[in-house]
Structures are given as structure tokens and as C-alpha cells.
Amino acid sequence: MKRASRLSLGVFAALSIAASAASAEAIRIAFIDPLSGPFAATGVNGLHQYEFAAEELVNKAGGVLGGKTFEIVPFDNQTSPKESLIQLQVAIDQGIRFIVQGNSSGVANAITEAVDKHNRRNPDSRVLFLNYSAVDPALTNDKCNFWHFRFDAHADIKMDALTDVIAANDAIKKVYVIGQDYSFGKAVADGATAMLAEKRPDIEIVGNELHPIGKVKDFTPYARKIVASGADAVITGNWGTDMLGLGKSILENGFTGPIFTYYAAADGITAAFGAAGDGSLRLVSEGAINPPASERMSAYVTAFKAKYPDGNVSQPRIANTVEMLAKAIEAAGTADDVVAVGKALEGMKHESIWGGELYMRPEDHQLIQDVHIFKHTKDGVVFDYDNSGYGLVVESTVKNASADIATTCQMERP
Amino acid sequence: MDLVLVNLIDGLVTGLLLFMLSSGLTLIFSMMGVLNFAHASFYMLGAYFAYQISKSVGFWPGLLIAPLIVGVLGALVERYGLRRVHKYGHVPELIFTFGLALLIEEIVQFFWGRAQVPFLAPEALNFALFSISGNAIPAYKVFMIFISMAIFIGLLLVLTKSRVGLIIQAALSHPQTVETLGHNVPLIFMGVFGVGTALAGVAGVIAGPVLGTFPGMAIVLGSIVFVTIVVGGLGSLWGALVASLLIGWVTTFAASYNVGMMDVLTGLGFTPPEDLSESLFRDIWSLTLPQVGPILPYLLMVMVLVFRPYGLFGKRDV
């Protein structure tokens, strides 16, 4: 027994030495997101996109700083803020300097606070937090700090683009807002009512309602109310099965107007909507894959699908995050001094692989980028989702969306 | 007024779907005295099997084959699982079915992934049959109503008119006596368990395209099915039917009408606080019926347990 454990200890030590030797030249990036539990599908798909982006966009191009490669190190946080902080500490203890996370604003809030504290107390082992998906506006407003960079458009920017499109459509006179009963659902509802009242005072909000999150078996009664209200359009921030259930019920109930959503695509949702969603479903997001922006982009997505046939390039911003980090490290000339890397990221302009120019706003570290309104359809889809033949095609684009949006951020710089 | 009619139809669909699950469960419960926690998991299996079959041969063969497979699986579980655990008492049985539910969920995730699968209603039923003041009633929902009605009538006839049904009824209340009379009671138990799970399978097949086919579908429906059989009374088919319809209509109507606590309380003569956002009872004042809708069935169960512990149609205590 004793010998066995000593032997295994020896093997372990040998292995870890080998592992650290192999990655001596690698710049490690900690990926802290759910890899088990109910949201694992999203997390695992995100991890694949990171690993692929690092390999394809950085390592194959010769790495950074004369040959250093990117290595993505996954940490499972089970979507729990508490677990995330433990994993964050583990990552920092392993000497990792770059943290990426995206699923759930609750987790992002916890991480950004912890990173800020850690960096103040430990100037020798500072880290950068690259948030690629958590869209709570507070992260780049009241809660902003120098170490946090957001690569997704936040909820208000998306709502701004969405309400621009609605305001330009004279056929829309009545709007129904429905969402899940929690902070994000409420933020979407508040944003929608406030911005519509400002841009199109004549639009009537015929319904503004929150339903229990993940508890509704059958959305038919909600769909009946929406149709009975005479709404011309629906706005919802629902995701997951709540999105699918609500959307399908509304469509089955004979609703033909547009349904404006944040998250009605990929992870099985596109395939499940299929023909039913054609013509009605809209989605607001960054990063367009249909129509392809360039040869380079087409090759990238094709290669991803070849490696992960069941996966989707559902978060184009991941490629932006990886490319901009590589560029910043190159510009700073170091991957160890994160202050220099952070300063290089600030104000960086970058030509996105998905088309359009990206600009990391120095005031609040919010990435300013093109935001698109997509249509769920079959026509003009080069790269589909869920291998269903259906996908998202750009319907309209807001260039450099909300580039001048106000921020309450008062950043302290090191 | 038109909306009332639409809601009646929607509630009927939900209720009948619940009935298909609860009818099997209530028979199994009264027979073995054990809650089958895995019952809703068989419902999920039905949906996934039918999805797999529909990919190659279409929806209609799936409607027949999937419940058969689920029923056989259920019978096997009874024969080689539950029956062995049975001699150790009810608690091990309970734990066994609980573990089975977890196992089935993991297996489903292993084979079909964690995301929702695109299980769609057949093309032939993909149209609005009629509409009531702008609210379309899909043909598929009417089809659901007919299937569940047919199953209810069939079950009722078998249980009350046929010889097999009489033996089952006798075995439910007096298993020893029936065994002494020369009937193979374990076989009857296995048969009932198989048929019960097959019914859950049918429910899964026809509900999958409407409510979505995903690994959480068993959990979403599971608890409400237990509520149904407790409210209806254990072992009573009529009770299961009435309770299912009741719960179907209660949840549908609750979600449909935005009656707020504000209206109720002011109607009762209370005056709302001046500044609602500062009030201690803010949450009570801002509550609406759709928000409390999902807990109404549980409230109903508590009421039934307090005032009529054997359920609406039951003959013995829970």
C-alpha cells in the first residue's frame, strides 16, 4: 500500500514535470465556465471554440512573442459564483495570468470583484479578466475596473440596436414584452419599455410579463394572451428550454409577426424551431457568419465544423477575444506583465474575422462593435446551426453600435 | 368569452396528458404501495425513442413502437429489479426507483446529449384545424385529445368489463386471496407495471413535439404527476382523470388572467400603501396570478390531504 502510493506519487511528479516542461513556452489561459451540470452543453461548446481559436488563429500562425503558443486550461465552475472563486484561485496559483469566463453575469460579478482585490494585494501575480459573454451592463459601469474587459455587447447595447429596428418599422404599433423572472429578464423588460418610450412614443406596450424561470411546462396560455393582446411584435430575453417552449407556442398559436430574441439559436434550439421559426424569429447579437465576411472566415468555420461536426460556432466573439489578446501581448512585448497587456488592449482597434472593426473603449473596457439583427431562415445560409439547414442570416446591422453610450465607470488605473 | 373557450381546450390537452402519466402511476402505486419515482423517466424515454424512430421511419411507427419498447423495459425493471428489492420493504424500493430515475436521465444525456433534440410533430398534423377569434387550435392538439380519450375509454373497459381487469382489481386490494385462488399475482404486477410505463411512453411520444424533448422533461413533469394521483385518490382511474383535468384547467386559467393581488386586496377593502417600493409587503401587493400559477396544484394537494386524505375518489388513506 505504502509502496504503491509512493510509486504513484513518483509517477505523478514525473508526469507533472513533463507537463510543465511541455508547456514552458505556452501562454496559459484559464477557461472558467460550466463543464458539468445543466449548462454544460453551452460551456463545453464554448471551450471547444476557445481551443480551436487558440490553435487556428494563434498557434498555427506561429504563436506570439516569437513562438510562444496559447494553451486553454479548462476549469469547471458549475455556474456557481462560489465554485468560480475557488477555481480562480487555483488558476492563479498555477501561475496563469489570463482568465476567460462568460456564462452568467452573477459569476462574472464575483470574478471581477475577486480579481480586483487580488491584483491590489498581489502586485507580483496580477491577472486579467476577459469576459466574453456576461452582458450585465453594471460590469462596465458601476462595477468596472482596469482588469476587466468585455468582448460581448452588453444588454443595453443590444436592446438599443433592437429598438432601433423596431422603431424603423412602422407596421409595429403594439409590442408584448415577456421574460424569465430574474435579473436579466427584468433588465430586458426595463430596457425595452424605456427605449421604446423614447424612440417611438406611439408604440403601445400591450403586455409586460415575467414567468417563473424553468418551471413552465406549457407556454400555450401565455401564447394565447400574446395573440389576444393584438401584439405586432414580441420581445423576449428567454434562453434554453424557456426560449424554445415560448417561441414554439407563440408560433403554433398563429402569431406571424416578428419575435425579437437574444438567445434563440444553436444548442438544439435552431434545429427544434426549424421551418416553424422561419420568417418570425429574430436575434440580436454580434459576429455574423451568414453571409460569410471573408474567405478567411469561411475557412475558419469550415475547419471548426470538420473538427467538431456536432458543434456550432455560436459565439463568434471568442475568436475576437483570442485574436485581440494575442495582438495585445505582441504589442506589450510580454505575457507576464498584465498591466502592459491591459494598456495595449485599451483603445485597441482590430479588424474582426467576422467583418467590421472592433474598438476596446478605454473609458470602461467595453468592446464597441457591429451589432446585427439576424433572421432565422434557410435562405442564404452558408453555415447552419445544429446541422439543421437553418441558421442566422444578417437582416440589418448597426455599425459600431452605441459607440457613445454613456458609462458611469470611474476607472482607477495602476 | 372566446378566450375562456380556448383556455378550456388548452387545459383539456394539458389535463389529458397528465392523465396518461397518472393513470399508470396510480395503478402501480396502489398495487405495490410504492411511489415510482422513475415513472416520468419512462415518459422521457418514450419521447426520445420516438424521436430516434421518427428519424428513420417517421412519426407514426414511432407512436406504436416506442411505447412498446418502453413497456417491455418497464416490465423488465419490475421483474429483475423491483421484485428483488421488494422483499426488503418499501424504503429500498423507493430508493431503487429514485436511483433508476437518475440513471435514466444520465443515459439519455449520454446518448442524445444535453441539448434539446428536434422532435417535431408530423407534417400531416402541422396545420391549424380551426381558430377561435384569432387563436389557432393546431390539429395536433385535437389529435392529442382523441388519443388520450381513446386510451381512457380502453383502460376503463379493460379494468371493469374484462376478466383480466377483474383479477387486477382484486389483486390491488387482496393480493393474497387472489394468489390462493390460483392466479399468478407476480405476473399481474409485472403486466400492470409494463402497461403503466407503456402509457407513460405514449404520453412522452405525443407530448415530446409540443413540450420539447430534453433531458429535464422528466423533472419538469414528474412532481406534478404525484400531486395528481394524491388529489385524485390512489388506485382510482376516475380520480386520476378528474384530478388531471382539474390541475390542467387550474394551471391554464391561472397563467391566462393577469389578476393581481392589488385588485384582490383593494376589492377586499384594503388600501394600497402610499409608496409601494418602500413597503414591507411590497411582494404581496405586486403578486399576480400567473406568477403563483405553478404552485396552485401543490396548494390543492395540501388542501385535499387536510380535508379528504384519501383523495377525491380514493377508498383508502394515502
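Two strands pair if DSSP finds at least two bridges between them. With that in hand, look at chain A of this predicted model. Strand β6 of chain A, residues 174–180, is joined to β7(A) by 7 bridges, and the two strands run parallel. One of the residues involved is G179(A), whose bridge partner in β7(A) is L210(A).

Now the sheet around that pair. How many strands does the open sheet have, and in what order? There are 7 strands in chain A, ordered β7-β6-β8-β9-β10-β14-β15, and the pairing is mixed. At the edges are β7 (204–211) and β15 (391–398) of chain A, each of which pairs on one side only. On average, neighbouring strands of this sheet are turned by 25° against each other, direction ignored.

Next, the helices of chain A that go with this sheet. Helix α5 of chain A, residues 155–168, lies across β6, β8 (233–236), β9 (259–261), β10 (281–286), β14 (371–377) and β15 of chain A. Relative to β14(A), this helix runs at about 65°. Helix α7 of chain A, residues 220–228, also packs on the sheet and touches β6, β7 and β8 of chain A. The direction of α7(A) makes about 170° with that of β7(A).

Then there is helix α6 of chain A, residues 183–199. From the first C-alpha to the last, its 17 residues reach 24 Å, close to the 24 Å expected at 1.5 Å a residue. Which residues of α6(A) are buried? They are F184(A), G185(A), A187(A), V188(A), A189(A), G191(A), A192(A) and L196(A). Their cover includes α4 (105–121), α5, β6, β7 and β8 of chain A.

On to chain B, starting with its hairpin. β1(B) and β2(B) pair in the antiparallel sense over 4 bridges. A128(B) has P138(B) as its bridge partner in β2(B). Between the two strands of the hairpin are 2 residues, and S133(B) takes a positive phi near 40°. From β2(B), N135(B) and I137(B) point one way, while A136(B) and P138(B) point the other way; all are buried.

The buried residues of α5(B) are Y140(B), K141(B), M144(B), S148(B) and L155(B). These pack against α1, β2, α8 (185–211) and α10 of chain B.

α5(B), residues 139–161, also packs with α6(B), residues 163–173, at an angle of about 75°, and the axes are 5 Å apart. That angle makes α5(B) roughly perpendicular to α6(B). α5(B) brings V158(B), L159(B), T160(B) and K161(B) to the contact, and α6(B) brings V164(B), G165(B), I168(B) and Q169(B). Sorted by class, this contact has 4 nonpolar, 3 polar and 1 charged residues.

Last, the two chains together. Here 30 residues of chain B are in contact with 28 residues of chain A. Which elements of chain B each supply at least two residues of the side that touches chain A? They are α1 (2–32), β1 (128–132), β2 (135–138), α9 (217–232), α10 (237–256) and α13 (289–292) of chain B. The largest share of that side, 5 residues, comes from α1(B). By class, the side of chain B that touches chain A has 16 nonpolar, 12 polar and 2 charged residues.

Notes
Residues are numbered from 1 along each chain as its sequence is written. Chains are lettered from A and ligands numbered from 1 in the order in which they are written. This is a predicted model: local features need pLDDT of at least 70, side-chain atom pairs count only at pLDDT 80 or more; totals for chains, interfaces and linings use all residues. Two residues are in contact if their C-beta atoms, placed from the backbone, lie within 7 Å. Ala, Val, Leu, Ile, Met, Phe, Trp, Tyr, Cys and Pro count as nonpolar, Asp, Glu, Lys and Arg as charged, and the others, Gly among them, as polar. Axes are lines fitted to C-alpha atoms, for helices over the stretch in contact, and angles run from 0 to 180 degrees between N-to-C directions. Angles under 35 degrees count as roughly parallel, over 145 as roughly antiparallel, 65 to 115 as roughly perpendicular and the rest as oblique. A residue is buried if 20 or more other C-beta atoms lie within 10 Å of its own, exposed if 12 or fewer, and partly exposed in between; C-beta atoms are placed from the backbone. The expected span of a helix is 1.5 Å times one less than its number of residues.
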